[in-house]
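Please open the model in your viewer and keep the selection panel at hand. The tour below goes from stop to stop, and each stop says what to select and what is there.

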Amino acid sequence: MNKHEQYRLNQLGEYPFARLNKLLDGLAPNPNLDFIDAGAGEPRLPLPSFVQPTLDAHVLGFSKYPTTSGNDFLRESIAAWLKRRFSLKSIDANTQVLSANGTREALFAAAHALINPNADEKPWVMMPNPMYQIYLGAAITAGGKPYLQPCTAETDFAPDIDGISDDIWADTALVYVCSPSNPTGWVADETYYTKLLRLAEKFDFYVLADECYSEIYYADKPVGLLEVAQNMGNSDYKRCLVMNSLSKRSALPGLRSGLIAGDADLIQNFSKLRSYTGPGTPLPLQHVAVAAWNDEEHVQQHLKVYRDSLDVFFNVYGGEVPAGSFFVWLAVDDEETFVRQAYQEQAIKLLPGSYLGTKDMHGINAGSGYVRAALVDGVTKSRELALRLKKLQAV
Ligand SMILES: Cc1ncc(COP(=O)(O)O)c(C=O)c1O
């Protein structure tokens, strides 16, 4: 390896959407059809009614620095939401909660705050494959070694934890879990989280649950990592961190507001890192965030749209509705060819599944042979999307 190759950033591939732009470069979507952008997981629902008045009422806050960890009033409302949503008996807003500017930056920073590559011990950072690519970028740039857990039809899309040897677990520093999962829609149940937390205790590693789709599900409300820890008697949430945000729950991806919660020691490390990187959330936006965490009505309205969208999609297309998230993960022959065809013939933008995965030690990319479609444009367009995809599949 030369010096250039050793530079950690050079070990990262191009981000999926940059690859998608290249794949579609020079092609035009069918001009006779309305364009459907199912490529990005960006909720496109109306702005919740409390946003504008809250912003207006607190606009002067832009003239003040926010605290890096989130002001008390925000951390308290986050703690109250976590208690209500996950039936937590206690969570301390001062020591067990931080504000984040969305989960993305927090998921990335987590590996930098929690692993210790210089000691050259516990190098593994475990993650699902395919995955939200930030986990991979975080592990590599923090000096960890990604350990990929294939999530395939054979595992019912669960990241495998049974087939991993004790030696690997012993050298594991951190496990990323994504539940509900982007892109597969798999949801961790209590048994899965319990098993993982027992392993974490035995082999002393951290579990980081990305729960940003926790409020988007088809049938049962997903369980959260912290409530499972509590049910196991781990009421300090030792070795556990969760991240969540208002991006999907409240359809406010532009607000850039989220949470980090769990083990007070890990929160302290995180807090220290953030005192240097300093991504404080502007005060007026913190007030909007409080209004959003305090309101469930808009979340229920959103949930209805996502459920109805999944219903119409699968009624037309066939197949099994995913347990959570607003993504559909469809098996196809060759995902890049399919995505180009969908764009040119049916004016649909999709994402090739392999762009969300990476090759494992056996040279297998568990995202190959799939495409991801995001049902973020409401019921009518979800039906139309299913009809057009069915036409393509039938060819
Ligand atoms: C699995 C997953 N985690 C985290 C994020 C980041 O979302 P945000 O930073 O808006 O909270 C996304 C966004 O698409 C995602 O799909």
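Of the 15 residues around the ligand, which come nearest? Select Thr103, Asp210, Ser245, Ser247 and Arg256, which come nearest of the 15, where a residue counts as near if one of its heavy atoms lies within 4 Å of the molecule. Before going on, keep in mind that this is a predicted model, in which local features need pLDDT of at least 70 and side-chain atom pairs count only at pLDDT 80 or more, while totals for chains, interfaces and linings use all residues. Residues are numbered from 1 along each chain as its sequence is written, and side-chain values use heavy atoms, with hydrogens and water left out.

**The ligand and its shell**

Stay with the ligand and colour its shell by residue type: six residues are nonpolar, five polar and four charged. In this grouping Ala, Val, Leu, Ile, Met, Phe, Trp, Tyr, Cys and Pro count as nonpolar, Asp, Glu, Lys and Arg as charged, and the others, Gly among them, as polar. Next select helix H5 (103–114) and helix H10 (246–249), each of which supplies at least two residues of the shell; H5 gives the most, with three residues. Helices here are DSSP runs of H or I with at least four residues, strands are runs of E with at least two, and both are numbered from the N terminus.

Now look for polar contacts, that is, pairs of N or O atoms within 3.5 Å. A polar side-chain atom of tyrosine 213 lies 2.7 Å from an oxygen atom of the ligand, and a polar side-chain atom of arginine 256 also lies 2.7 Å from a ligand oxygen. At arginine 104, look at the backbone instead, where an N or O atom lies 2.9 Å from an oxygen atom of the ligand. The protein covers 92% of the 400 Å² of accessible area that the ligand has on its own, an area that comes from the Shrake-Rupley method with a 1.4 Å probe.

**Two cis peptide bonds**

Move to the loop between strand E5 (172–178) and helix H8 (190–203), where proline 180 is found. A cis peptide bond joins serine 179 to this proline, with omega about -10 degrees.

**Two positive phi angles**

Select aspartate 204, in the loop between H8 and strand E6 (206–210), which has a positive phi of about 55 degrees although it is not a glycine. Then go to alanine 347, in the loop between helix H14 (335–346) and strand E10 (348–349), where phi is near 55 degrees, a positive value in a residue other than glycine.

Which of these is buried and which partly exposed? Aspartate 204 is partly exposed because its relative accessible area is 44%, whereas alanine 347 is buried, with a relative accessible area of 1%. Buried means under 20% relative accessible area, exposed means over 50%, and partly exposed lies in between (1.4 Å probe, protein chains only).

Select leucine 266 in helix H11 (residues 264–277), which is buried at a relative accessible area of 3%. Leucine 266 and lysine 238 are 28 residues apart in sequence and 8.6 Å apart in space, C-alpha to C-alpha. Finish at asparagine 244 in strand E7 (residues 240–245), which counts as buried at 3% relative accessibility.

Definitions and conventions
Polar contact = N/O pair within 3.5 Å; in protein donor to acceptor, adjacent residues only side chain to side chain.
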